[in-house]
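These are my notebook entries on a structure that I looked through by topic. The entries follow the order of the look-ups.

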Amino acid sequence: MRYGYFDDASREYVIENPATPMSWVNYLGTAEYCGIISNNAAGYAFYQSAKTGRLLRFRFNSIPMDRPGRYIYLRDNEDGDYWSASWQPVGKPLTEYKSLCRHGLGYTVFTSEYRGISTHYRVFVPVDRPVEFWEVEITNHSDQVRDLSLFAYAEWCFWHMDQDLTNFQYILYTCRLGYEDGIIDYSIRLWPNQRPQGFMASILPVESFDTDRDEFIGRYRHEGNPYAVERGQCANSIAIGGNPCGALQNRLTLAPGEQRYALFIVGIGAAGKEGAECKKIYSDRRRVDAEFTKLQEYWAKRITKLTCHTPSVELNSMVNIWNQYQCHTTFNWSRSASFNEAGGRDGLGYRDTNQDILGVVHAIPAAVRDKLTALLKGQLSCGAALHSVQPLSWKQGRHNRPPEDQIYSDDHLWLLLSVPAYLKETGDLAYLEHIVAYADEGAASVYEHLKQALEFSWTKRGPHGLLLGLAADWNDCINLQGQGESIWSTFLYYKGLTEFITLAEYLGRTTDVAHFTSYRAQIKQSIDDYAWDGRWFLRGYLDSGRKLGGQESEQAKIFINAQTWAVLAGVAERERLLLAMDSLQELLATEYGILKNYPAYREHIREVGAITDFPPGLKENAAIFCHTNAWAVIAEALLGRGDRAFAYYLSYLPATKNDHAELYTMEPYVYAQFITGKEHPSKFGQARNSWLTGTAAWSFVAVTQYLLGIRAAYEGLIIDPVIPSEWDGFTVTREFRGRKLAIKVSNPDRVSQGVARLLLNGERLPGGLVPLAKMKEENLVEVVLGAQPVVL
């Protein structure tokens, strides 16, 4: 069953049926003010911090679902009938109520028609103000004069998420609400002497208002049948303590064919200052339209640094619009705020944000540089890293040192991917000399931070010479403590060593090249001796010395990450890598994506960890973890098997689920964290936990850098496509270090890989590198694939 469609020309996803199986959401705002809104106008908002700056409330995992939100109610004052501008919360029968929801880049539009009245309700956050606009156009299509009331409603949150959810004996007695001249003032005092403020304003005359939720909703009622809307007037309540809300009523008389415009503004600041200023400025609708135009330009600038046109419609929609949009969302908010993450994990997940950088570095390198610096401040002087860092409250000190059993084996190593990615994209080698403080004590250059990360892992090796698992590796639920060793972390370390050696060679730092090359050789020997299990690579060794993810294992004999990262890191000869990926295809691949491990754990094993506690097919235990599927796409591309790489990509691509969304359940326009695996008894193919996932960045990397094959290098751009053999070619536009490139790839021989000819502005180039030194301001790159490729 299909609920909507992609409108690529408008850069929107259009939801035709509002009764979606789950809330299909969108993000409003840029880097400071964030709003989340569902296809039925539910959601919440926060300023800077999802944990301590929550302005609008949302009730997670509740019944009824999707409450509360940014609700616009309409009431016919002649007969008392009322409805909402979005289908919910009132929920009129869809046989009588017509509805569309358009999720765009930084905005959402609801259009509805009921009983001869249509509404066009647009919600967006301007680029540089911590406010949100609720624009409503009401049109009378009937042949009668209509007397209507318009109610705007939102529920204030008590700013601190934890307090709002748990500390009712305190928090319910802290708010002070006010009202003046069409503006609601939301004030609160929190210990010690914190006084955050918010407001809600109307540009039309206000007929009545409420600031007390109980007065607006009524007893034993809900957002679908609020007492104030039912009776046609608010109570003009002023909440001093209790549960605060914002509700403003406008009254409108519309002649047949007449249209009226209303605007409500919700935001951060004092009602008498920021609220009054916004009301004055934006009473001129042209100023609102100008803000919306600025928002569209903001997103267009970000997502057009790289565009593509391929024979795959689904790939085009995702890469050109939604995948990039999701990458920027994860870059802004890490894993802190969605309809799955309630906001308790505030700040930046260390490994998460390092990976998120990979999906946006081509578009916003200056912002990436700042984010990298914030991450480096989360690294300890020993070389390890904090598992998360909050830039808003960062302060150096030994209090930041975690207990050793809370240090992860991989967090710090992601710097060896994110920093080189930034350097290759920008050529900003001076950044390596930038001095950045450690989290606990001291400071060092960025270059020394990278070295220290490698040195730390070198000291944390186990009895087989492989990296200790420590608290966990990338998989938080594999807890190989004690002498347990992570082969996956060892592969990441090997990849990090290679990246650093390449950088040091480019810089001419021969001593460092020799030093870390010796480390890599010893790690390679340990991998050769202990990581291979005959048909695939092991996942690790347990504290007891038993193998994890081997043929002799009773449960979880094979793991996806060990096979894919063996290829990504280049730890073995081609024949062994091919056999490992063939074993993955045989045992892990399904029609909905590749399983994380197989078979699923069915009994708890303490020395393996929390993965063994999930039911089979869910989360880390034999589900299709989409993040890891992107690595399989890259691995097959590196092996030159474009048909299989593209098949893997399509298998978990949300856009391919659009026509059977009742099974997939989550948004078809953004990636989910996981898809339920085949060993689950009833929900194989059902997705969960969308939006804030590393799947976004890695899928973008997989497609653009390895399938389309265009990736940055220190000297220029590498062009090495690995595509389905049935493709006749594709085109890409790419901005790189101030140059623009139009890249046309032709595939007359229907091969998957092999650059037979490469031309830059008509000049034939050897190999697959387009050197920066030869690029003009605007460039035409012509690539022909063929059966007799140039050896790279």
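I took buried to mean under 20% relative accessible area and exposed over 50%, with partly exposed in between (1.4 Å probe, protein chains only). The model is predicted, and I kept local features at pLDDT of at least 70 and side-chain atom pairs at pLDDT 80 or more, while totals for chains, interfaces and linings use all residues. Residues are numbered from 1 along each chain as its sequence is written, and side-chain values use heavy atoms, with hydrogens and water left out.

**Entry 1. Salt bridges.**
I counted a salt bridge where a side-chain nitrogen of Lys or Arg lies within 4 Å of a carboxyl oxygen of Asp or Glu. For secondary structure I used DSSP runs numbered from the N terminus, namely helices (H or I, at least four residues) and strands (E, at least two).

I looked up arginine 401 and found a salt bridge to aspartate 440, with the closest N and O atoms 2.9 Å apart. This pair links distant parts of the chain, 39 residues apart: arginine 401 is in the loop between β22 (388–389) and α10 (415–426), and aspartate 440 is in the loop between β23 (435–437) and β24 (443–445). Arginine 401 is partly exposed at 38% relative accessibility, whereas aspartate 440 is buried at 5%.

I then turned to lysine 451, which forms a salt bridge with glutamate 448 at 3.6 Å between the closest N and O atoms. Both residues belong to helix α11 (residues 446–459) and lie three residues apart, about one turn of the helix. An α-helix has 3.6 residues a turn, so residues three or four places apart point the same way. Lysine 451 is buried, with 17% relative accessible area; glutamate 448, at 33%, is partly exposed.

For aspartate 720 and arginine 711 I noted a salt bridge with the closest N and O atoms 3.9 Å apart. Aspartate 720 and arginine 711 are both buried. I also recorded a network of salt bridges that links Arg57, Arg59, Arg67, Glu155, Asp164, Arg213 and Glu223.

**Entry 2. Strand pairing.**
I treated two strands as paired if DSSP finds at least two bridges between them. I traced an open sheet of 10 strands with antiparallel pairing, in the order β1-β2-β9-β10-β11-β12-β19-β16-β15-β14. Its edges are β1 (4–7) and β14 (175–180); each has a single partner strand, so one side of each is left without a neighbour in the sheet. The twist from one strand to the next averages 15°.

I checked β2 (residues 12–15) against β9 (residues 98–104) and found an antiparallel pairing over three bridges. Within it, valine 14 stands opposite arginine 102 in β9. Helix α7 (residues 313–333) packs on the sheet and touches β1, β2 and β9, and its direction makes about 85° with that of β9. Contact here means heavy atoms within 4.5 Å; axes are lines fitted to C-alpha atoms, for helices over the stretch in contact, and angles run from 0 to 180 degrees between N-to-C directions.

Elsewhere, I found β32 (residues 624–625) and β33 (residues 672–675) joined by two bridges and running antiparallel. Isoleucine 624 stands opposite isoleucine 675 in β33. β33 also pairs with β34 (residues 687–690), antiparallel over three bridges, and phenylalanine 674 has arginine 688 as its bridge partner in β34.

**Entry 3. Helix α5.**
Which residues of helix α5 are buried? I listed Ala271, Gly275, Cys278, Lys279, Ile281 and Tyr282 in this helix (residues 271–282). Their cover includes β12 (131–140), β15 (183–188), β16 (197–202), β19 (259–268) and α6 (285–303).

**Entry 4. Aromatic rings.**
I paired rings of Phe, Tyr and Trp (its six-membered ring) with centres within 6.5 Å; planes under 30 degrees apart are stacked, over 60 edge-to-face, and the rest tilted. The search of the whole structure gave 53 aromatic pairs. Tyrosine 447 and phenylalanine 500 have ring centres 5.1 Å apart and planes at 40°, so the pair is tilted. Tyrosine 447 is in helix α11 and phenylalanine 500 in helix α12 (residues 487–507), so the pair ties together parts 53 residues apart in sequence. Both tyrosine 447 and phenylalanine 500 are buried.
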